[in-house]
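I would like to walk you through one chain, from its overall form down to a few single residues, so please keep the picture in view.

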Amino acid sequence: MNSLDPLDLKILLELIRDPRVQIAELSDSLGIARNTAQSRVKRLLRSGVLQAAGREVDLEKVGYDVVAFVTIEVTHRELDGVIGALRLIPQVLEVHEISGRGDLWCRVVATDTHNLQSALRSVLKTKGVIRTETVLALHTHIPYRTEPLISRMTATSTRSKQEHSNPLPGS
C-alpha cells in the first residue's frame, strides 16, 4: 500500500506511539469521526501496513535476554527448505535473505547460552545449511522503531499539502 495519505500517516503515528489507543481516543486526538478512524484502521490492517498481531513483548522481561545475530550460508537449491525449518525454531524471531557474506540473516533469542547453543545446533542440523556465523548482542542502544520514519513522512505530506493549497503569489 503505497498510497498513504496524510490522515493514514497520522493514524499510524498515533498507533505507533500508543498501540492500545481506543478508536474513540484516536478519533478525538485527530479530530475525525469515529467511523472514519475505524474504517481507516481496518483498511490499514487489511492492506498489511498495520500488523494485527501487534503487541510488542519485552522478551528480556520474560527470560529471553540473550540476543544473537546469525548469518547462514546455504546450498541455494535448499533455500526454501532451510527457511521452512527456521520457521519451526521458536527462538528464531526473524529471517532475511541477504547479499554479501552468507545467504540468510536471523535474529535469535535465548534464555541463556545453553539455550542459544541448542537453537544453533538445530540450525546447523538443517539440510542445506553449510555454515553459520553468530554474533552476540551486548546491548541494544536503538531498538526497532518506525516512529521517526512515519513522523518524517507525516511532516513531508503536510508540507506538500500546504504548498498545493497555498500557491506562491504570481504563480
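This is a predicted model: local features need pLDDT of at least 70, side-chain atom pairs count only at pLDDT 80 or more; totals for chains, interfaces and linings use all residues.

Let me begin with a term: the radius of gyration is taken here over C-alpha atoms, and the rule for a globule is 2.2 Å times the number of residues to the power 0.38. By that rule a compact globule of 171 residues would come out near 16 Å, but this chain has 22 Å. Along the principal axes, its C-alpha atoms fill a box of roughly 65 × 40 × 30 Å.

Residues are numbered from 1 along each chain as its sequence is written, and side-chain values use heavy atoms, with hydrogens and water left out.

The chain has six helices and four strands, where helices (H or I, at least four residues) and strands (E, at least two) are DSSP runs numbered from the N terminus. Their order along the sequence is α-α-α-β-α-β-β-α-β-α. Of the 171 residues, 26% count as buried; buried means under 20% relative accessible area, exposed over 50%, and partly exposed in between, with a 1.4 Å probe and protein chains only. If we take contact to mean heavy atoms within 4.5 Å, then residues 24 or more positions apart account for 67% of the contacts in the chain with a separation of 6 or more.

Let us turn to helix H2, residues 23–30, in which Ile 23, Leu 26 and Ser 27 are buried. Seen down the axis of H2, these buried residues fall within an arc of 95 degrees, so they line one face of the helix; the arc is that of the directions from the helix axis to the C-beta atoms. What do the buried residues of H2 pack against? Their partners are helix H1 (6–17) and helix H3 (34–47). H2 is followed by Gly 31, whose phi is positive, near 70 degrees.

In the loop between H3 and S1 we find Val 49, which is partly exposed, with a relative accessible area of 29%. Val 49 and Leu 12 are 37 residues apart along the chain, and their C-alpha atoms are separated by 8.9 Å.

Helix H4, residues 79–87, has Leu 79, Val 82 and Leu 86 buried. Viewed down the axis of H4, its buried residues lie within an arc of 60 degrees, so they line one face of the helix. The face turned away from that buried side carries the exposed residues Asp 80 and Arg 87. On the buried side, the residues of H4 pack against strands S1 (66–74), S2 (92–97), S3 (104–110) and S4 (129–137), and also against helix H5 (113–124).

Two single residues remain. Gly 100 lies in the loop between S2 and S3 and is exposed, with a relative accessible area of 65%. Val 135, in strand S4, is partly exposed, at 45% relative accessible area. Which residues does Val 135 contact, leaving aside its neighbours within four places in sequence? Those in contact with Val 135 are Val 67, Ala 68 and Phe 69. Val 135 and Leu 15, by comparison, are 120 residues apart in sequence and 33 Å apart in space, C-alpha to C-alpha.
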